[in-house]
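Subject: Structure handover

Hello,

Here is the structure I promised to pass on. Please open it alongside this email.

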Amino acid sequence: MSLLAILQSFLLIAGALMFCIGSLGLIRFPDTYTRIHALTKADNLGLGLIVLALILNVESVALALKLLLIWGLVMIASALSGHLVAWEADEQCIPLCQPGETERHLESEDE
Amino acid sequence: MSSYLIFAYGGVGLCGIGVFGFILHTHLLRRLIAFNLLGSGTFLILVGLSQSGRGEADYIPQALVLTGIVVAVAATALALVLIRRWAALTQHATLPEDQGPS
Amino acid sequence: MNELIDLTLVCILLGLASLSLFTQSLFRAVMFFILLGLILALVWIRLDAPDIALAEAAIGAGITGILLLDALAHLRATSNTPPQLRQLKQPRFWLALISGAGVILLLALAISEPLAPAVALDLQVSENLTNSGVTHPITAILLNFRSYDTLLEVAVLVLAALVAVTLRQSDEHPVVNEYLPNPLLHACLKLFFPMIFLVSMYLLWAGAAQPGGAFQAGAVLAAAFVLFYLVGLKTQLAQNDIYLKGGWIFGLALFVLVGSMPLLYGQPFLTYPDSQAGIFILLIELGLTLSIGWILFSMFLLSQSSPLQKKDSP
């Protein structure tokens, strides 16, 4: 196994882990605002790591630039959608969840 | 079992779930979702089965499915327009024969 | 190892299908259905069908999702949606269960038999590909070998749009051009619009040699139109019936016109001269892309019977 393959697998696994952490945050965090925080940040980093791993494999510069462009566009799009969700939640007066309120909030969601 | 055949059997499962949901539900939006599942299952069977016989990509069913997806979205959009018109007229999202005393 | 991926995908597919049919909340049902569309796009990649994967991601997950969510908001406002109960004692449940199981059993029996195709259509495709004007087999099938299918498909789309416009409530107030008043959305979309159009035209152009083509390009274009509408730009055009209907029939008319040109030279309908076939196909595809995008967008627009509410700030 070459050094390149080891580096690539490391980057891919790290990226996949980032996605897992982001999804964990989506499930476990108590309110809308913290959930977007987990999703937009962790997933962008995860995608970035995966894109880096793929770039190590490509031959042409154009393809590498395309991959980087995808990463950039997804980052702008996820920042925008995160902002829109938070903005809409704020317009609808969805309250921030205070520390210690987690259990009650989760219970009310199950109803 | 080739991977094409696995997806053909997956399509069979989707068809079964679609038929089950289509008969069980009375809410028209849920029925529409069930109908779409049935369509997706059919597409999977069509492509998966024909490719499992050949062991490589078969372009003719793929082209047919591509046409089918576009027609399916047109049918879905039309059904949604009909459902909304119905709901606006009757204030119900179910058909009258399904609004029994049960 | 690859079979493991396929089996996992099938399990996710069937799980999402069940969830989208049997969750209590309709909103979750629609969300699971959109998710199912995205997973299906992955499945099409595994089935070596990148064309269908592109179409499924753009049309199945994108456009259908927008339409369903939009209808959901409307239905919630006007009709009471009773919670769906599992009625074990009702004959309907047993009827549904028996029918579903019967369909699975019959289909599984049917596909367990090996196929014995009588005609090798794929050989005919590969033999005639050099004369078709394009090098991508699917585009050749859709727009040259079986162009009747595509012509009638666009006719079906136009028909659906016509029925939708007929059903439009005449007494309703016209769609008010209100929009999401978010400055960041406007700024970002100004950046994105040129890129979305570029992607759409690239898909159209690339369809001659690679996966892509008029349907995928049209779906991307429709998404751009919907975004246009949401930020409140240039939707006056869609309020005018002449532009609205003219846009629908443009692609169909161009298709019929270009398809009839060989008739002047004594050739059958929809046969292109071998040397010019590439140009003919590109021309038809351009018309189709614009019309498909416009039709899908107007289906979204026509179902808007209540205007987009601008939220009152607290």
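In chain A, where is confidence lowest, and where is it highest? It is lowest in helix α4 (residues 102-110) of chain A, at a mean of 48, and highest in helix α1 (residues 3-28) of chain A, at 91. The score is pLDDT, the predictor's confidence in each residue, from 0 to 100.

Two notes on conventions. This is a predicted model, so local features need pLDDT of at least 70 and side-chain atom pairs count only at pLDDT 80 or more, while totals for chains, interfaces and linings use all residues. Residues are numbered from 1 along each chain as its sequence is written, and chains are lettered from A and ligands numbered from 1 in the order in which they are written.

**Chain A**

Chain A averages a pLDDT of 84, and 86% of its residues score at least 70. Over residues 105-111 of chain A, pLDDT stays under 50. The model has 3 contacts beyond four places in sequence for that stretch. Two residues are in contact if their C-beta atoms, placed from the backbone, lie within 7 Å.

Chain A has 4 helices and 0 strands. Helices (H or I, at least four residues) and strands (E, at least two) are DSSP runs, numbered from the N terminus. Of the 111 residues in chain A, 11% are buried. A residue is buried if 20 or more other C-beta atoms lie within 10 Å of its own, exposed if 12 or fewer, and partly exposed in between. Among contacts in chain A with a separation of 6 or more, 67% join residues 24 or more positions apart.

**Chain C**

Chain C has 12 helices and 0 strands. Buried residues make up 35% of its 314 residues. For contacts with a separation of 6 or more, residues 24 or more positions apart account for 72% in chain C.

Look at helix α6 (residues 137-145) of chain C. There, 8 of the 9 residues are buried, so the helix is largely enclosed by the rest of the structure. The buried ones include Pro137(C), Ile141(C) and Asn144(C).

The axes of α1 (residues 2-22) and α2 (residues 26-46) of chain C come within 9 Å and cross at roughly 160°. Axes are lines fitted to C-alpha atoms, for helices over the stretch in contact, and angles run from 0 to 180 degrees between N-to-C directions. α1(C) and α2(C) are therefore roughly antiparallel (over 145 degrees) to each other. By class, the contact has 15 nonpolar, 1 polar and 2 charged residues. Ala, Val, Leu, Ile, Met, Phe, Trp, Tyr, Cys and Pro count as nonpolar, Asp, Glu, Lys and Arg as charged, and the others, Gly among them, as polar.

Thr23(C) sits in the loop between α1 and α2 of chain C. Thr23(C) is partly exposed, with 16 other C-beta atoms within 10 Å. Leaving out residues up to four places away in sequence, Thr23(C) touches Arg28(C), Ala29(C) and Phe32(C).

**Chains B and C together**

How many residues of chain B are in contact with chain C? The count is 62, and they meet 76 residues of chain C. Helices α1 (3-24), α2 (28-54) and α3 (59-90) of chain B each supply at least two residues of that side. The largest share, 23 residues, comes from α3(B). The side of chain B that touches chain C has 40 nonpolar, 18 polar and 4 charged residues.

Best wishes

Note on methods. Angles under 35 degrees count as roughly parallel, over 145 as roughly antiparallel, 65 to 115 as roughly perpendicular and the rest as oblique.
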